[in-house]
Amino acid sequence: MQPDTNHPIRIVPHPARIRVLWKGHIIADTTDALMLYEASYSGVRYVPRSDVDMTLLTKSSLKTHCPYKGDASYFSLLSDGATAENAIWSYETPFPAVSNIARYLAFDPEKVEFVENNGP
């Protein structure tokens, strides 16, 4: 399926620096994030994989399918004996209409903390 007037998807650059925190660890720090706005859902921050500390992520067996974006792979956060299951997802081969989010990761806002500011 393609985004359309009944199910619009818009991807725009995020205007501020984003840091993603979990259990005192900085998971990501970027000024190159994207915001994906889909239909009436809240916007989702997508962070370039190159700006994520991948050493704290473990690939999960969970996979889901979105008829508008494609197949999502998931990662869990592991550190200091704590786990946040399936806290991160990625559309590694997204559909052409949302190809901008390839090589980006999204974080579950209920499992991580976002710090945003316009300064360095």
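Is Glu38 buried or exposed, by relative accessible area? Glu38 is buried, at 8%. Buried means under 20% relative accessible area, exposed over 50%, and partly exposed in between (1.4 Å probe, protein chains only).

The model is predicted: local features need pLDDT of at least 70, side-chain atom pairs count only at pLDDT 80 or more, and totals for chains, interfaces and linings use all residues. Residues are numbered from 1 along each chain as its sequence is written, and side-chain values use heavy atoms, with hydrogens and water left out.

**View A. Glu38 and Lys69 form a salt bridge.** Their closest N and O atoms are 2.5 Å apart. A salt bridge is a side-chain nitrogen of Lys or Arg within 4 Å of a carboxyl oxygen of Asp or Glu. The count by this rule is five. Lys69 is buried, with a relative accessible area of 6%.

**View B. Asp29 meets Arg17 in a salt bridge.** The N to O distance is 2.6 Å. Asp29 lies in strand β3 (residues 25–30) and Arg17 in strand β2 (residues 17–22), so the pair ties together parts 12 residues apart in sequence. Strands (E, at least two residues) and helices (H or I, at least four) are DSSP runs, numbered from the N terminus. Arg17 is buried at 16% relative accessibility; Asp29 is partly exposed at 30%.

**View C. Arg49 and Glu92 meet in a salt bridge.** N to O is 3.7 Å. Arg49 is partly exposed, at 26% relative accessible area. Glu92 is partly exposed too, at 37%. A network of salt bridges links Arg49, Lys59 and Glu92.
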